[in-house]
Amino acid sequence: MSSRSSLVKSADAMSVHETESGYVSGSSSDSTLPEIYFTKPHLAFLNRQLQFLEPQDILRWCITSLPGLFQTTAFGLTGLVTLDMLSKMKIPRPQLVDLIFLDTLHHFPETLALVDRIRSRYPLVNIHIYKPEGVETSDEFVRKHGERLWEANDELYDWVAKVEPAQRAYRELQVAAVLTGRRRSQGGKRGDLDVIEVDESGMIKVNPLANWSFQQVQDYVKLNDVPYNELLDRGYKSVGDWHSTQPIKAGEDERAGRWKGQQKTECGIHNPKSKYAQYLREQERKKQEEALHKALDSLEVSG
């Protein structure tokens with residue numbers, strides 16, 4: 001089954017005026033423009049090509065090829081490198097890549113302080129902050145969901161604090177593709193990461209620094225004086241929520257300090273086996289079926 005992106009799906013109906021030439025164009029109405037897809041062979045081809053490019057070249061390709069492009073970030077080192085690279089590309093405003101930051105209400109104070117420093121360093125970049133639905137503070141979160149939800153039900157916590165806010169952001173901002181900070185060298189399930197992926201909902205996820213090591217990322221940050229989280233100077237390498245992040249020891253994987261002592265290595269955003277992710281996939285399947293029925297109805301009417 002094909003997924004969203006840059007190969008035009010020809011099954012959609014065209015208007016009477018457009019059938020005279022047999023083509024649709026960028027000036028066509030939304031109702032007559034087909035959706036955009038990646039087929040599996042096209043996705044495999046793109047990954048074979050993109051894996052040999054430098055991150056800056058991958059980012060240029062994204063900007064020119066992917067509409068609705070945003071960067072999702074918790075302001076880890078890789079995301080900061082991506083942000084800095086984008087800031088130096090002299091991109092015209094309509095193509096600037098906005099940031100999406102999921103404020104779980106459980107970030108370290110150092111992470112939140114970094115957000116302010118990023119705003120100051122990169123004033124042209126818009127940062128869209130999304131919090132768990134219906135709450136603004138950690139105290140409100142506790143009143144709504146109970147104490148230490150991450151211990152009582154970690155999948156529900158991931159859904160409430162991360163997955164649902166991310167889905168709301170994608171819906172409200174009309175996100176079609178996201179830049180992530182994931183890299184193969186981070187280990188775990190990320191070891192065989194492709195540069196470009198399409199998840200179960202059809203969201204395009206691009207990992208522009210997939211090939212870089214932690215040392216390469218760190219060297220770039222130092223060379224370009226990129227603002228970074230002060231916790232990285234205290235033994236942390238990957239920083240998430242305060243309750244699930246610890247410093248790591250020499251020789252440990254970069255993300256060894258995340259969910260230490262648990263089998264878990266990813267939150268619900270990147271974990272398709274989560275029961276909440278499965279629920280999400282079912283909802284997306286129903287939405288796609290409805291869209292297909294509407295397209296078929298449109299074909300019958302125009303025929």
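This is a predicted model: local features need pLDDT of at least 70, side-chain atom pairs count only at pLDDT 80 or more; totals for chains, interfaces and linings use all residues.
Local features require pLDDT of at least 70 and side-chain atom pairs pLDDT 80 or more, whereas totals for chains, interfaces and linings use all residues. Residues are numbered from 1 along each chain as its sequence is written, and side-chain values use heavy atoms, without hydrogens and water.

Helices (H or I, at least four residues) and strands (E, at least two) are DSSP runs numbered from the N terminus. An open sheet of 6 strands has the order 5-4-3-6-8-7, with mixed pairing; two strands pair if DSSP finds at least two bridges between them. Strand 5 and strand 7 (196-198) are the edges, each pairing on one side only.

Strand 4 (residues 98-102) is largely enclosed by the rest of the structure, because 5 of its 5 residues are buried (under 20% relative accessible area, 1.4 Å probe, protein chains only). In a regular strand, side chains alternate between the two faces of the sheet. Here Asp 98, Ile 100 and Leu 102 are buried on one side, and Leu 99 and Phe 101 on the other.

Strand 4 pairs in the parallel sense with strand 3 (residues 69-72) over 3 bridges, and Asp 98 is the bridge partner of Phe 70. Strand 4 also pairs in the parallel sense with strand 5 (residues 127-130), over 4 bridges. From strand 4 the chain passes through helix 5 (residues 109-121) to strand 5 in a right-handed β-α-β crossover (clockwise from the first strand over the helix to the second, with the strands pointing away from the viewer).

By contrast, strand 7 and strand 8 (residues 204-206) run antiparallel, joined by 3 bridges.

How values were computed:
Buried means under 20% relative accessible area, exposed over 50%, partly exposed in between (1.4 Å probe, protein chains only).
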